[in-house]
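Open the model in your viewer and keep the selection panel at hand. We will go from pocket to pocket, then look inside.

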Amino acid sequence: MKKILLGIAVIFAAIGCQPEGESPNISDQNIVISTDTQALNARISLDGAGVVDVIDPAFVNNRILEAPAGKLPLMLVSQVEPPTYDGKILKATHIDLEGEFAYVSYNKEGPGFYGAIEIYNIANPLKPQITAQAIFKTADINSLSYKAGILYIAAAYDIDRDNSVSTAAQFLAVNVSGGNFTSEFRKSNIEGYAATDVTNTDTHTAVASGANGLIGLFNSSMQLETELSIPDLRAAKYGNNLLAALSGREGIYLLNPQTLNSIGRIAIPEDIPESKRTMDMGNELLFVSEGLNGAGIYRLPSGDLVEKIEIPINPEGVLSQDIVTNAVSYDQNLLLMANGGAGVSIADLNDLSNIEKLGIISLSGSSNFVKIKKNHLFVANGAGGLQILNLAKEEDAPTDNSISCEGTSKYTGNQNLNVNSNQSMAISGSNAFKNVNIGGDLVYCGSMSVENSLNLNSGGLFEMNGSFAFGQYRKNNTLSINSGAVFRVHGSVVFYGDLNLNSGATIEFVGEGNSITIYGEVRKGNNVTITGNFNDTEGKLN
């Protein structure tokens, strides 16, 4: 049985737990469903969690003091070990986000067919939870897409071990609701060895079948209505009233989404055989992962090139064939690129005539897939398994007039912020700092993160209006509030590092709707004052 291998060859080292209490799907003994949330969530940990840096490649080899403060506060909120079944380790292949849920597909790298789909509840961005899992004993799950209560799935089956299908490439669908699978899995044949991608148009579901190459339009009854042969199909994406299909040999086809008639073509270099690639869309824009050539941005429907974004770093000790853009994801003017052994890079596309390359997220492992939507960011990251991050954007910060933001301005200094004892500073925006030292008065309105240390000296005042994140889990990062110093806050505060409240320190929560989450240790001296209305989610300030 031939198998089309998808993705860069990265074997997950972390081993997950197979849930107890699993039960097979009623009509398909090769699909095993589990809703044992305790066992499923045992794979989720805080290891490595906390504030993560976005590294500007231009400053990698320079003194750290010269690097400017980051513009995008990021927190790694969870790491998830990959699922296993029958001793087989699975890797994430695709992720879709909708509302309070994330849907993740998996396959087994190398020979053999095993796959999975997991549903995550992400309503609490700091505490994602796996609510359901479907293990496929005879199929790789290569891609999925959610629409109106249904998951549409691209799969590759072992037809020698599963007589329920007549073609290896399969299009599947299942109803989902409230974080659970609520129907049986429905299947439809499509010619080829592996269905590689799936996307929903306004009237159909488009499924790509790789290698021998076919894109098919299925109706709501999962019947194939129209098809078009395209060799070496990797990905399909609908948007802007057209359907884009990516061939590893022949570039990008722009198609009518109802007839598959040609609208145009975009020529790109031939890609590495049998490797996963993705596309995404924005308003009149197409984003394409182009392997060794980074990411391409094209205008639609013309197909004109806007810019090619190169992979920003070439790390030592990583094979050149592993430094490739495997996937792209776009949302709210941010473009993320999963660059294999070169990590995940971010670009700000607010001004297409002057695209700002923000840098590389400091995550471990090889990045095979990335998905961003609003404040949620998921990365399928090699030996690191699945990594779940939260973005703290200025416009989403829970600010109000409890702390005045009048007279604030954007910060343009370096990543080590110092406010002297005779100094007052008022900042607004979103910034990521390495270290902060406050001897005078600091007002910050917006979203702020501090990776290593924050020291609020005696007599100092720090007023934080918005969202604030500090430290890394179990990495000896400490925020110290000293005698006579006041930390006045409105909004949300998350500590992954430790909090030292020295004798005479004060925390004041002002206004309503405040929350504080502390994963590190809290050390209190005498005469510490904590006032105001707030939700202490972990009960650490009692």
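**Stop one: the largest pocket**

Select β5 (54–55), β32 (344–348), β33 (356–361) and β38 (424–438): each gives at least two residues to the lining of the largest pocket. (Strands are DSSP E runs of at least two residues, numbered from the N terminus.) β38 has the largest share of that lining, five residues. This is a predicted model, where local features need pLDDT of at least 70 and side-chain atom pairs pLDDT 80 or more, while totals for chains, interfaces and linings use all residues. Residues are numbered from 1 along each chain as its sequence is written, and side-chain values use heavy atoms, without hydrogens and water.

The pocket holds about 880 Å³ of space. Among its 35 lining residues, Ala69, Gly70, Lys71, Leu72 and Leu358 are the closest to its centre. (On a 1 Å grid over the protein atoms alone, a pocket is an open set of points with protein on both sides within 12 Å along at least five of seven lines; a cavity is a set where a 1.4 Å probe fits but cannot get out; lining residues have an atom within 4 Å of a point. A volume is the space filled by probe spheres set on the points, which are joined across faces, edges and corners.)

**Stop two: the second largest pocket**

Now pick Asp96, Ser145, Lys237, Asp280 and Lys371, which lie nearest the centre of this pocket, lined by 30 residues. Its space is about 580 Å³. Colour β9 too: with five residues, β9 gives the most to the lining.

**Stop three: the largest cavity**

Finally, select Ile268, Pro269, Glu270 and Asp271, among the residues lining the largest cavity. About 70 Å³ of space lies there.

Key
Helices (H or I, at least four residues) and strands (E, at least two) are DSSP runs, numbered from the N terminus.
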